[in-house]
Amino acid sequence: MPSWITKPVSSLRGQYLPPGDKSISHRAVMLGAIASGTSQFSNFLPSDDCLRTVEAFRQMGVPIQLNGNDLRIEGVGFKGLKKPSCPLDMGNSGTGIRLLLGLLAGQLFEATLTGDASLSKRPMGRLTKPLREMGAFISGADDANFAPLQIKGASLKGIHFINEKRSAQVKSAILLAGLQAKGKTVIEESPRSRNHTEHMLTMMGAHLSVTAKQIVLKPAEKLKPLHFAIPGDISSAAFLIAAAALLPGSDLTVKEVGLNETRIGVLEILRLMGAGIEWQFKHHKGEEPAGDVRIRGAQLKSVVIEKEMIPKLIDELPVLMIACALAKGKSIVRDAAELRVKETDRIHAMVEGLNAIGGKAVATADGCVITGVSDFQGGKIKSYDDHRVVMSFAVAGLKSRVPIRIDETRSIETSYPAFFDDLTRLTGV
Ligand code: S3P
């Protein structure tokens, strides 16, 4: 895909339906595959990441039909997965590879999991270590810290695990292994990371109890299939939400977006920064709260983003950094060292990019300090093939009279293939 060259706009107006949630789409495939019976989902996200997960399960013998955004899975139960005949290539997807490792930890066949150059650099020890403790055999470079990884499942035992990284991927992997283990699995975490796996397992009849700081899971014999409409992805909508928030005069309504308490930090922060943001819960999609968000733009003011807020907006930090760079005063992001091990080192990529277009940003070990400017000056951005870096700087370009050129934008296929179409429609340029 060619580079993207931005154009300035004064405001953003209208209604917008974001694409289906990526985290839930991955879980829909995996949990649907191990259910006993047929699961059906609408508004599935057919992005590159989620299609890798679909393909992996097809290779393990699960019948899956995908028609546009409608997904139908003939669940084969815990015992019905087949040994894949070739390595499972999870592409760019951390969620895909990590959750799949958890599931395969209890399957008595051998599989190899691979990914692209970015995924092969992301740390896996955070979950291969506890999965080995549960009994799985996993090997790979640096003591199973990096893909490609070979996994041979075993009969597992439950563990007591403290989710120090506050990672939903690690938590979900342990839960998927715990479903197949002997005895109970206890996971402690505070603050809570996104809880879609817990929601879906509860609907499936798993023996799961969740309190503020702890999850206790008992093994399951059988899981019921799922049927629900996947809500819109607030992490994808966040780019247009932030764009509207930082352009005074904007009035945007985002329809049918997921409003899970563990994911709405971006709304809370933009509201703190002075944007007019109202959200309304309308209904549950499955166990997921969803509704509409109305955003009215304003001159934003600086903010500190830290501590327990971080897991609620970890994927939205790149675009929030753009908002901070245009806010009055000095903003601080801290406690976000996890950004360094995402699809790329997002602290480095964002700080470098901001400074390249006339922003003022300094990186710290676990975040950055950003001094607001009134608009950007144009320039060239290196995206490091990270979808959220690309989309963040596309938003920055709306406030730059001189165009910003973003190299290699193909990575948006991983989470939001229609991003530029939606941006063009809503900005009218
Ligand atoms: C995800 C969890 C988060 C998030 C990622 C999706 C998930 O990662 O950044 O985009 O679907 O569970 P971590 O678990 O590494 O925090």
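Predicted model: local features only at pLDDT ≥ 70, side-chain atom pairs only at ≥ 80, totals over all residues.

Colleague: Let's start with the UniProt record: which residues does its "binding site" annotation cover?

Modeller: The record is an unreviewed entry. UniProt positions are given in the numbering used here, feature names are shortened, and annotations may be inferred rather than shown by experiment.

Colleague: Is R346 buried or exposed?

Modeller: R346 is found in helix α11, residues 346-356 (helices are DSSP runs of H or I with at least four residues, strands are runs of E with at least two, and both are numbered from the N terminus). Its relative accessible area is 1%. Buried means under 20%, exposed over 50% and partly exposed in between, using a 1.4 Å probe and protein chains only, so R346 is buried.

Colleague: And which helix holds R388, and which residues does R388 touch?

Modeller: R388 is found in helix α12, residues 387-396, and R388 is buried, with a relative accessible area of 4%. Contact means heavy atoms within 4.5 Å. Not counting residues up to four places away in sequence, R388 touches K22, S235, F239, D315, P318, R346 and S415.

Colleague: How far apart in space are D386 and S411, C-alpha to C-alpha?

Modeller: D386 lies in the loop between β24 (379-381) and α12, and D386 is buried, with a relative accessible area of 0%. Leaving out residues up to four places away in sequence, D386 touches E343, T344, R346 and S411. D386 and S411 are 25 residues apart in sequence, and their C-alpha to C-alpha distance is 5.8 Å.

Colleague: Over to the strands: how many residues are in the hairpin that joins β14 to β15?

Modeller: Two strands pair if DSSP finds at least two bridges between them. Strand β14 (residues 207-210) and β15 pair in the antiparallel sense over 4 bridges, with L208 standing opposite L217 in β15. The hairpin joins these strands through 3 residues.

Colleague: What are the edge strands of the open sheet of 4 strands?

Modeller: The order in that sheet is β20-β21-β23-β22, with mixed pairing. Strands β21 (residues 330-333) and β23 (residues 367-371) run antiparallel, joined by 4 bridges. An edge strand here pairs on one side only, and the edge strands are β20 (304-305) and β22 (360-364).

Colleague: Last one: how many nonpolar residues line the largest cavity?

Modeller: On a 1 Å grid over the protein atoms alone, a cavity is a set of points where a 1.4 Å probe fits but cannot get out, and lining residues have an atom within 4 Å of a point. Lining the largest cavity are L246, P248, A298, Q299, L300, L326, S374 and K399. Ala, Val, Leu, Ile, Met, Phe, Trp, Tyr, Cys and Pro count as nonpolar, Asp, Glu, Lys and Arg as charged, and the others, Gly among them, as polar. By class, that lining has 1 charged, 2 polar and 5 nonpolar residues.

Technical notes: Residues numbered from 1 in each chain as written. Heavy atoms only, no water. 1 Å grid on protein atoms, 1.4 Å probe; cavity = no way out; pocket = protein on both sides within 12 Å on 5 of 7 lines; lining within 4 Å.
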